[in-house]
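Please find below a colleague's note on the structure shown here.

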Amino acid sequence: MALAQRRATSGEQAGETPLLRRAGVLLALLLAGGMILGAMFLPVLQNSDATSTGYQIEHAQQQLDDLRAKTYTLQAQIADLGSETRIRQEAARLGMVPAGRASAVTVNVPAPAGVFLPHGLAPTLTAVAGAAESSVAAPPTPADQSYPPAGAPSATPAPTAVPTIVPPGPVPSVGPPP
Amino acid sequence: MATISRRAHAQPAPWRAAAVALALLLAGGGLVARLVFLQIVQHKGYSSEAAGEHLDQTTVPAHRGAILDANGFPLAVSIATYDIGVDRHIWQDAAAAQRGAQALAPLLNRTPEQILSLLGDATTGPATIAQDVDYDTGRRIAALGLPGVLAQPREKRVNPEGDLASPLLGFVGRDGGGLTGLELDENSLLTGLPGSSEYERDALGNPIAAGVRKSVAPQPGSDVELTIDRNIQQMCEQELKAGIDKTHATGGTCIVMDPNTGAILAMDDEPSFKLSTLDLSADPQGEGFKDGAVTDIYEPGSVFKLFTMSAGIDSGKVNPNTTYIDTCQVVVSQRIFHNWDYSCNGPTTMTTVLVRSLNLGTLWLTTKVLGPDLFYQYVRAFGFGEPTGSGLSGDASGIVRSNADTAWSLADLASNSFGQGISVSALQMITGVAAIVNGGNLMQPYVVKDVRSNGTTRVTQPTVRRRVISSESAATIRDMMKLVLQANTFAPVPGYTAGGKSGTAYVPTVKTKTSAGDAYAQEVTIPSYIGFAPFDHPRVLIYVKLDNLKSADFGGVLTAPMFSHLASEILTYLDVPPDRPLPAATETNAAGR
């Protein structure tokens with residue numbers, strides 16, 4: 001009896017074991033199949049990704065080339081717009097005329113402290129003395145330290161005082177030596 | 001029958017098996033040997049051949065560097081363009097050609113017929129149908145992917161300042177390489193290093209995106225900044241053009257130099273080619289594509305007296321007050337010499353020799369005082385007879401015939417003393433006088449201020465070639481030049497103390513023999529003026545020269561005003577304050593500005 005029960009139990013166990021084994025084998029096969037499919041599909045994904053990246057690189061390179069070319073073109077356009085010839089044309093269009101000879105004037109008002117005045121434009125001693133006398137008569141207040149001082153004559157000379165440059169005299173009939 | 005059966009079952013003879021084995025062995029060995037030969041011995045050749053089948057390589061041109069003026073303004077820059085070509089073989093198919101031409105026509109602003117006519121009679125090979133197409137249009141054409149249409153990226157050189165400094169800048173060829181001027185002289189710096197792109201290609205020759213790729217980026221060329229100031233260059237060119245127009249000279253030269261460093265601030269020579277109207281076919285030999293200020297030589301005339309006097313002063317043989325007796329004429333080697341005005345001045349000082357530009361004075365100095373050895377020693381020390389070392393192509397040496405030469409005579413020494421019988425270039429002249437102005441140092445003239453590349457800047461340092469005269473002698477000559485300038489009505493620069501010297505040279509010719517037997521066309525002259533300002537701290541040295549002038553006027557009359565006007569403009573532009581009071585009429589005591 002006991003033997004029969006043991007056989008029955010072992011028979012049940014024997015019935016379960018093939019099922020489990022079969023399921024395990026199936027699972028393993030599925031896994032293996034999945035892995036094989038994955039392994040087969042992975043290069044496709046990789047290639048696709050590489051191709052996509054390749055196109056992106058190519059596109060980026062082309063964009064870089066385009067931008068570089070645009071930079072060069074814009075630099076040339078800036079140079080064109082800043083060219084002296086074009087500035088002259090624009091100035092003429094705006095009604096400007098070439099400047100005459102520059103004039104240099106000697107001022108008789110000393111420059112404020114710390115303000116550089118070129119040697120050639122420095123006031124003469126007489127002018128400085130005259131300015132000093134006037135400063136004694138009316139010492140400037142701190143607010144008058146700006147240039148020109150408030151007590152000084154108008155910064156705009158009268159029309160008759162506008163400095164002019166006399167052009168060279170008439171051409172002499174006898175020229176200088178060669 | 002039994003005999004036959006015995007034969008059939010008989011063992012094969014051992015030699016037969018051996019023969020078969022040997023044959024198989026030989027065949028196998030042969031195959032192995034062939035494989036070794038192909039796979040090992042010729043591996044490199046076949047692998048490269050195979051690579052050539054599926055790999056392609058293109059050269060990526062490097063961006064050509066810019067040429068800038070002294071303040072960084074571009075004088076020559078490159079922009080990206082495309083050349084459009086057509087593969088004639090593919091366009092042999094009339095339908096394909098028609099489709100392609102119709103697609104290209106609106107982009108190239110041409111009719112399809114015009115495009116097709118550019119193919120010519122040839123049936124194979126590429127045909128260029130458009131050059132220097134702007135970048136965007138070229139990209140659009142390339143993107144169309146038309147069969148047989150080739151869009152080749154290129155660079156085009158443009159000059160934003162137009163014709164400014166044309167002979168100095170030069171131009172590039174279709175390959176982008178410099179052909180003349182600075183484009184040629186500095187070509188190695190401007191060109192850069194081209195890159196390359198190697199890629200795997202498909203059957204149509206297009207790159208495979210995921211294929212093998214190897215690329216070397218191009219290294220752009222360096223930017224070359226010049227000592228040339230575009231504003232001063234413009235002033236120089238305008239003054240020269242006005243001078244030529246006014247005097248009907250055949251040409252002329254204008255050079256502005258910083259005498260302290262040898263830096264050339266402006267240089268122009270006329271006649272010369274213009275970049276805007278360049279026509280290489282008009283001058284196939286390229287003789288006109290030069291910078292005459294550097295390459296052309298001429299007899300300088302009386303400006304050369306400065307060097308004769310420098311030799312006399314520096315050698316201690318004379319001083320400004322040394323006197324000679326000026327007779328009406330002097331005969332040297334059976335040739336008669338006289339002053340330009342046929343004057344007889346009696347006792348005359350060296351200062352007067354320069355102020356009145358007396359030929360007999362410098363003749364006396366060389367023939368009676370200096371002698372040929374000492375004189376030519378100074379002439380060569382001032383840089384005559386050798387290139388200036390400017391680095392500009394065609395840097396002329398000039399012609400200095402000295403007493404070491406066989407055909408030389410004392411008459412040469414006499415005429416050399418006042419700048420005849422000796423040939424120099426304009427650049428040599430200004431470089432020599434710069435040595436007097438800067439205190440006695442012969443500087444190496446230069447036009448390249450610095451070279452910029454990859455964030456680094458190489459600055460050209462002024463180079464002293466040698467000391468020619470002492471600073472004391474130079475100061476003495478400068479003082480004499482001041483007196484010379486003051487004696488000329490046209491030369492003074494308003495507001496500035498200056499020094500200068502004029503010259504008028506006769507032009508040698510082989511066609512005309514004058515009655516005196518000279519090989520000079522005395523009706524044709526080369527007037528010139530050289531001067532510097534301000535006197536105490538010279539900022540500019542200016543040399544102006546007019547060529548082949550048929551005028552009775554002398555250099556001092558014709559070219560001194562050019563110097564005066566130019567110096568005034570340049571000093572104002574450079575913000576150089578006046579160093580002496582202006583004439584009374586121009587001064588004001590108004591208390592203000």
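1. The structure is a predicted model, and the remarks below should be read accordingly.

2. Dimensions of helix α4(B). Helix α4 of chain B covers residues 94–108, 15 residues in total. From its first C-alpha to its last it reaches 20 Å, close to the 21 Å expected at 1.5 Å a residue. Just after α4(B), B:N109 adopts a positive phi of about 55 degrees.

3. Buried face of helix α4(B). The buried residues of this helix are B:A96, B:A97, B:G100, B:A101, B:L104, B:A105 and B:L108. The spacing of such positions may be read against helix geometry: an α-helix has 3.6 residues a turn, so residues three or four places apart point the same way. The cover over the buried residues of α4(B) includes the strands β3 (74–87), β4 (126–134) and β5 (149–158) of chain B. It also includes the helices α5 (112–117) and α6 (135–144) of chain B.

4. Salt bridges overall. Over all chains, the count comes to 22 salt bridges.

5. B:K274 and B:E270. These two side chains form a salt bridge in which the closest N and O atoms are 2.9 Å apart. B:K274 counts as partly exposed, at 27% relative accessibility, whereas B:E270 is buried at 17%. The cut-off matters for B:E270, because buried means under 20% relative accessible area.

6. B:R466 and B:E386. The closest N and O atoms of this salt bridge are 2.6 Å apart. B:R466 belongs to strand β20 (residues 464–467) of chain B, and B:E386 to the loop between α14 (359–381) and α15 (410–416) of chain B, so the pair ties together parts that are 80 residues apart in sequence. B:R466 is partly exposed, with a relative accessible area of 27%; B:E386 is also partly exposed, at 25%.

7. B:D412 and B:R401. A salt bridge of 2.7 Å, N to O, joins these side chains. The pair links distant parts of the chain, with B:D412 in helix α15 of chain B and B:R401 in the loop between α14 and α15 of chain B, eleven residues apart. B:D412 counts as buried at 8% relative accessibility, while B:R401 is partly exposed at 33%.

8. Which residues are joined into one network by salt bridges that share partners? They are B:D83, B:D132, B:R154 and B:R174.

Key:
Residues numbered from 1 in each chain as written. Chains lettered and ligands numbered in written order. Predicted model: local features only at pLDDT ≥ 70, side-chain atom pairs only at ≥ 80, totals over all residues. Heavy atoms only, no water. Helix = DSSP H or I, 4+ residues; strand = E, 2+ residues; numbered from the N terminus. Expected span 1.5 Å × (residues − 1). Buried < 20%, exposed > 50% of the residue type's maximum accessible area, 1.4 Å probe, protein only. Contact = heavy atoms within 4.5 Å. Salt bridge = Lys/Arg side-chain N within 4 Å of Asp/Glu carboxyl O.
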